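Let's take a walk through this protein together. Have the sequence and the 3D view at hand, and follow along as we go.

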Amino acid sequence: MKVEYDRETCIGMFQCVDEWDAFEKNLDDGKADLDGAEEVEEGVFVLDVPEDAEFDAKFSARVCPVDAIRVYDDDGEQLV
Ligand code: SF4
């Protein structure tokens, strides 16, 4: 499972931070940071989700009010 995070879209509401500890508050930027993620294009970050974090990752995507977080299975199908 992979998570894709569009940091440009993020409006810094920080609900994701409460759901998954991979997301951290960046108060200077008013955006979340996704710890350990790779920037695949400008402002878009991708991270492999460890098996024990799949539930939290999906929840972080569900609570984001601007859909900046998407979760894909290993076949590339969007789950959230
Ligand atoms: S919930 Fe969405 S808008 Fe809020 S900090 Fe996380 S990614 Fe950004």
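This is a predicted model: local features need pLDDT of at least 70, side-chain atom pairs count only at pLDDT 80 or more; totals for chains, interfaces and linings use all residues.

R7, D29 and D33 are linked in a network of salt bridges, a salt bridge being a side-chain nitrogen of Lys or Arg within 4 Å of a carboxyl oxygen of Asp or Glu. Residues are numbered from 1 along each chain as its sequence is written, and side-chain values use heavy atoms, with hydrogens and water left out.

The side chains of D29 and R7 meet at 2.8 Å, N to O. D29 sits in the loop between β2 and β3 (31-34) and R7 in the loop between β1 and α1, so this pair ties together parts that are 22 residues apart in sequence. Helices (H or I, at least four residues) and strands (E, at least two) are DSSP runs, numbered from the N terminus. R7 also meets D33, at 2.9 Å from N to O. Because D33 is in strand β3, that pair bridges parts 26 residues apart in sequence. R7 itself is buried, with a relative accessible area of 16%, whereas D29 is partly exposed at 45% and D33 is partly exposed at 25%. Here buried means under 20% relative accessible area, exposed over 50%, and partly exposed in between (1.4 Å probe, protein chains only).

The structure holds 3 salt bridges, and one of them joins D48 and K2 (2.8 Å, N to O). D48 belongs to strand β5 (residues 44-48) and K2 to strand β1 (residues 2-6), so the pair ties together parts 46 residues apart in sequence.

Now find helix α2 (residues 54-63), where A57, S60 and A61 are buried. They cover an arc of only 100° around the axis, which puts them on the same side of α2; the arc is that of the directions from the helix axis to the C-beta atoms. On the other side of α2, F55 and R62 are exposed. What covers the buried residues includes α1 (15-19), β2 (23-26) and β6 (69-72), with contact meaning heavy atoms within 4.5 Å.
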